[in-house]
Amino acid sequence: MGCVIGISNDFTFRESLSARVTDSLCDEEIHFPPYDANQLRKILTQRSQDAFRDDVLSGDVIPLCAAQTAQKYGSARQALKRLYKAGDLARDEGADEVTEDHIRQADDLVERDKVQSELSKLPTQAKIALYGLLMLDDDGKTPAKRSKIYERYSIAAKQLGADVVSDRTIHDNLSQLTLKGFLDVNEQNEGPNGGSYYEYEFSIRPDLARDVLRHDGRTGDLWE
């Protein structure tokens with residue numbers, strides 16, 4: 001008797017499986033939770049010993065960096081990016097030490113750079129889907145079902161004169177946006193009568209997505 005181990009960040013991947021597969025699949029999920037602030041603090045303390053000279057980091061720098069990153073991402077990689085960026089900022093200023101203010105500046109710069117770089121590579125249809133969620137967020141209607149996002153996407157696509165692709169294609173785009181860290185997705189289950197469905201919301205600051213989309217050569221027309 002064989003088994004298959006699948007590793008994925010996409011919580012919706014089962015939707016792409018055929019009914020025959022899901023019917024016979026005896027699966028068991030193992031979730032690896034994100035790092036909490038205490039765990040990130042230990043990782044940052046260990047790495048900082050190799051990256052910084054003694055007494056360069058002010059006392060609250062690592063706790064603040066760990067707390068901020070744990071709240072947003074729970075990722076050691078993201079925490080280290082912010083700590084190292086804060087070090088670069090302090091060095092460029094000629095400062096004697098890295099402070100909390102450097103961490104806050106680094107957090108904003110790293111997040112903006114990540115969003116701008118990744119969003120610029122997305123196909124237009126994915127950007128329009130992201131715009132649809134942004135409009136729902138402006139109306140205070142997030143987390144939002146995929147069907148609601150698709151409604152807003154369709155309106156925006158028609159406004160731009162773009163092809164209106166299928167709901168399935170938008171589902172794939174939302175899954176990719178989730179994998180890239182732009183969105184969070186949560187499964188909701190309302191029992192036998194209501195069924196289950198997924199809801200999406202931003203995992204980044206919506207204003208960062210808005211800034212990039214407004215300056216995009218295609219989606220920028222949606223603000224005219």
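In which sense do strand β2 (residues 183-189) and β3 pair, and over how many bridges? The two strands pair in the antiparallel sense, over 7 bridges; strands are DSSP runs of E with at least two residues, helices are runs of H or I with at least four, and both are numbered from the N terminus. Pairing requires that DSSP finds at least two bridges between two strands. The structure is a predicted model, in which local features need pLDDT of at least 70 and side-chain atom pairs count only at pLDDT 80 or more, whereas totals for chains, interfaces and linings use all residues. Residues are numbered from 1 along each chain as its sequence is written, and side-chain values use heavy atoms, with hydrogens and water left out.

Of the 7 residues of β3 (residues 196-202), 5 are buried (under 20% relative accessible area, with a 1.4 Å probe and protein chains only).

Helix α5 (residues 100-120) and helix α10 (residues 206-214) have axes that come within 10 Å and cross at roughly 45°; axes are lines fitted to C-alpha atoms over the stretch in contact, and angles run from 0 to 180 degrees between N-to-C directions. The two helices are therefore oblique to each other, the class left after angles under 35 degrees (roughly parallel), over 145 (roughly antiparallel) and 65 to 115 (roughly perpendicular). In the contact (heavy atoms within 4.5 Å), Glu 111, Arg 112, Val 115, Gln 116 and Leu 119 of α5 meet Asp 207, Leu 208, Ala 209, Asp 211 and Val 212 of α10.

Note on methods. Buried means under 20% relative accessible area, exposed over 50%, partly exposed in between (1.4 Å probe, protein chains only).
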